[in-house]
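Hi,

Here is the structure I promised to pass on. Have a look at it first, and then read my notes below.

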Amino acid sequence: MQPQRVSVKRIPYRDRRSFNPIEGVLDVEIVVCSQKIHGFDSYLFVSSGEEEVIFPAERLRELLGESRWNESVLRRYANEIQIGRRAFQSLLDPRAGGRAYIIPGSSVKGNVKARLQLTLQPYGGTAIACLYPARGLRAPPPKGSHGWRHYGVWKQSLQYDRGPPCNVTADRNVCVVCNLFGAPGLSSIIDFGTFYMRDGKLIQVGEGSEELFAAEPGSRFHGSISFRGLGLHELGLLLIGMGYWLSGERAEAIPVLLGSHKYKGLGERIMGRVVYRVNCLKTSTRCSGGGVGSGSRYEGAELENILAKALNAAYEEYRPYIRQVDEHREALRVMRAG
Ligand SMILES: [Zn+2]
């Protein structure tokens, strides 16, 4: 079965420096699901495939001592910069001497952006978000092969071919998601900070080659997501990417999947179920016009009201495209069917 090719609606990207209509910071917790709050226990392991650049500072000092800074010195130095991998250490921040447990902001961003792209599904032959990997699959991946569970959960979205993803070096027009999160050649207007473990601990899970340290149920990671130039409906899109949806009139965050082993678990353990919880929204004093006050701090009922307003605004703008999926339930269904 050939995947249905759809065209992606793109517009010229916006000014990245503008702070209107809304500039602000979300104070966010990532909570690992626990029996007590969510009805089941989960564990979290986030490994980042990011590359780490190692700058040999000693060598730079030597070279600078030998000669004046010029292009040939720069070239010699550049040859000695190493690219290393730190995949296995990402929950354990090496910069903190192993004492701080973190989720890198880049992992959080990747998680939120991908969920939003998958949630914004093609409608009537058109998509408003690109999707990477861009090619629709020729057929559902056979059971047991790489990605078949992911496909099972997001089938409605992955059955389409959205063509190549946005790339500003080739085209100044971008989709609604890349306009916010950036794309090759385009900076993001939403910035994800590092999330630090606030409560909880790491415990050993898995066996043999699958043994690893994961955050225990109920662990909480705290960080912030800052943004500028977002409309209220775009704040709503960000929230949708974080797993918020409207339950009646209320904004509710449901469990979403993050990190490693999230589809098959580890032994008997469920892995990678978390809830993104927004605790506070602060807006800057210099922005105006987004339907929220400038220089304000929203918490509690006032915050809930704004989150619901933002989600409603997103639905009003993009309704036919938004198809929210309960990832946790769908993943369980796929697992049981498998
Ligand atoms: Zn895009």
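Let me start with a loop. Gly-147 sits between strand E8 (126–127) and helix H5 (148–153); helices (H or I, at least four residues) and strands (E, at least two) are DSSP runs, numbered from the N terminus. Gly-147 has 14 other C-beta atoms within 10 Å and is therefore partly exposed. On that scale a residue is buried if 20 or more other C-beta atoms lie within 10 Å of its own, exposed if 12 or fewer, and partly exposed in between, with C-beta atoms placed from the backbone. Between the C-alpha atoms of Gly-147 and Tyr-263, which are 116 residues apart along the chain, the separation is 9.4 Å.

Two notes before you go further. The model is predicted, so local features need pLDDT of at least 70 and side-chain atom pairs count only at pLDDT 80 or more, while totals for chains, interfaces and linings use all residues. Residue numbers run from 1 along each chain as its sequence is written.

As for confidence, pLDDT is the predictor's own score for each residue, from 0 to 100. The protein has a mean of 88, and 88% of its residues reach 70 or more. Please keep an eye on residues 84–89, where pLDDT stays under 50 and the model has 10 contacts beyond four places in sequence. A contact here means that the C-beta atoms of two residues, placed from the backbone, lie within 7 Å.

Now the overall picture. The protein has 338 residues, 37% of which count as buried, and its secondary structure comprises 10 helices and 20 strands. Among contacts with a separation of 6 or more, 72% are between residues 24 or more positions apart. The largest nonpolar core has 83 residues, and Leu-44, Ala-129, Cys-175, Val-177, Leu-239, Val-274 and Leu-307 have the most contacts inside it. Such a core is a set of buried Ala, Val, Leu, Ile, Met, Phe, Trp, Tyr and Cys residues joined through C-beta atoms within 7 Å.

How many of its residues are buried? The count is 10 of 10, running from Leu-232 and His-233 to Ile-240 and Gly-241. Just after H8, Gly-243 takes a positive phi of about 95°.

H8 packs against helix H9 (residues 300–318) at an angle of about 100°, with the axes 7 Å apart. Axes are lines fitted to C-alpha atoms, for helices over the stretch in contact, and angles run from 0 to 180 degrees between N-to-C directions. The two helices, H8 and H9, are therefore roughly perpendicular; angles under 35 degrees count as roughly parallel, over 145 as roughly antiparallel, 65 to 115 as roughly perpendicular and the rest as oblique. The H8 residues that meet H9 include Leu-235, Leu-239 and Ile-240, and their H9 counterparts include Leu-307, Ala-310 and Leu-311. By type, the residues of this contact of H8 with H9 are 10 nonpolar, two polar and three charged. Here Ala, Val, Leu, Ile, Met, Phe, Trp, Tyr, Cys and Pro count as nonpolar, Asp, Glu, Lys and Arg as charged, and the others, Gly among them, as polar. Leaving aside neighbours within four places in sequence, Leu-307 is in contact with Leu-239, Tyr-244, Ala-251 and Val-278.

H8 also crosses helix H4 (residues 105–119), at roughly 105° with axes that come within 7 Å. H4 and H8 are therefore roughly perpendicular to each other. From H4, Val-112, Lys-113, Arg-115, Leu-116 and Thr-119 meet Leu-237, Ile-240 and Gly-241 of H8. That contact of H4 with H8 divides into four nonpolar, two polar and two charged residues.

Two backbone details deserve a look. Most residues other than glycine have a negative phi, and most peptide bonds are trans. His-261 has a positive phi, near 60°, and lies in the loop between strand E18 (256–257) and strand E19 (273–283). With 21 C-beta neighbours inside 10 Å, His-261 counts as buried. The peptide bond from Asn-20 to Pro-21 is cis, with omega near 0°, and Pro-21 is in the loop between strand E3 (11–12) and strand E4 (22–32).

Best wishes
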